[in-house]
Amino acid sequence: MEHHLVPFASLEWISGWFTLASIGIFALVFLPKLEVRTQRNVERVWAFALLVSTAIEHLYMFSAGTWSTEWSLPLQMCSLSGLLAVYTLLTHNKTTYIFLLFWGVSGGLHSLLTPEMTLGSHAIYSITYYFWHASIIMVPIYFFKARRFGLSKRSFFKVWGWTHAVWIVVGLFDWGVGANYMYILEPPKVDNPFVMGGFPYHLIGFEFAGILHFGLTALIFGSLSRRFNHNASSEKVLT
């Protein structure tokens, strides 16, 4: 399937950041002001909207005859982050929230900075792409700010270790079916300073990028968590 690369500062590129800003204002300004029961219902609607968006995407691929195991399964990091966002919105589970905070914020921002739509350029893919990626950025930030979910000192090592386990599993799947989920067997085509060389050398850049982005996430949100005394425990919290 031909990838769609969105030119930097194009109208389509700007629309992605507009989507992020709109969801951010909704999640951080308006949603926390709602009565608790209404707030929970809106969170469920948000989760449902994410599921509907990916269902529409898959239905369109089936109807167009383009669905394939090589590119259509939700095995990209941002796709997995979206599923974590759905689960976190529905359950308030702090373990999935922590993984979403590390995976979604950095991965989503990079996906908006250098968008590469692996399914093509159809409007459906563009709409779902930006809604999905804006959501995986804002859902964990919403839980951090509005629900006062924190970040423990051990979170970096926990997420870093399990991320490598996920890479290995997805990489073996890629090798078995000839896919390239998470860009493990072949680097993305975007112009990104962390993407250098072909397989396996591009994975070194991924490693450095992971350390940098996960480290910044732990530093920033860990510091804010301690400053505002957010709850960093791992139990599930429902209201």
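Axes here are lines fitted to C-alpha atoms, for helices over the stretch in contact, and angles run from 0 to 180 degrees between N-to-C directions. The model is predicted: local features need pLDDT of at least 70, side-chain atom pairs count only at pLDDT 80 or more, and totals for chains, interfaces and linings use all residues. Residues are numbered from 1 along each chain as its sequence is written, and side-chain values use heavy atoms, with hydrogens and water left out. Helices (H or I, at least four residues) and strands (E, at least two) are DSSP runs, numbered from the N terminus.

**Largest pocket**

- The largest pocket holds about 1,200 Å³ of space. A pocket is an open set of points on a 1 Å grid over the protein atoms alone, where a 1.4 Å probe fits, with protein on both sides within 12 Å along at least five of seven lines. Its volume is the space filled by probe spheres set on the points.
- Lining residues, which have an atom within 4 Å of a point, number 48 in the largest pocket. Nearest its centre lie Met77, Cys78, Gly107, Ser111 and Tyr183.
- Elements that each supply at least two lining residues include α2 (36-64), α3 (77-91), α4 (94-113) and β2 (116-117). So do α5 (123-145), α6 (155-177) and α7 (202-227).
- The lining has 29 nonpolar, 17 polar and two charged residues. Ala, Val, Leu, Ile, Met, Phe, Trp, Tyr, Cys and Pro count as nonpolar, Asp, Glu, Lys and Arg as charged, and the others, Gly among them, as polar.

**α1 with α5**

- The axes of α1 (residues 11-30) and α5 come within 9 Å and cross at roughly 35 degrees.
- Contact means heavy atoms within 4.5 Å. Among the α1 residues that meet α5 are Trp13, Leu20 and Ile23; the α5 side includes Tyr130, Phe131 and Met138.
- This contact of α1 with α5 divides into twelve nonpolar, six polar and two charged residues.

**α4 with α5**

- The axes of α4 and α5 come within 8 Å and cross at roughly 140 degrees. That makes α4 oblique to α5. Angles under 35 degrees count as roughly parallel, over 145 as roughly antiparallel, 65 to 115 as roughly perpendicular and the rest as oblique.
- The contact includes Tyr97, Leu101 and Ser111 of α4, and Tyr129, His133 and Pro140 of α5.
- By class, 15 of the contact residues are nonpolar, four polar and none charged.

**α6 with α7**

- α6 and α7 pack at about 150 degrees, with axes 10 Å apart. α6 is therefore roughly antiparallel to α7.
- Among the contact residues are Trp160, His164 and Trp167 of α6, and Glu207, Phe214 and Ala218 of α7.
- The contact of α6 with α7 has eight nonpolar, four polar and one charged residues.
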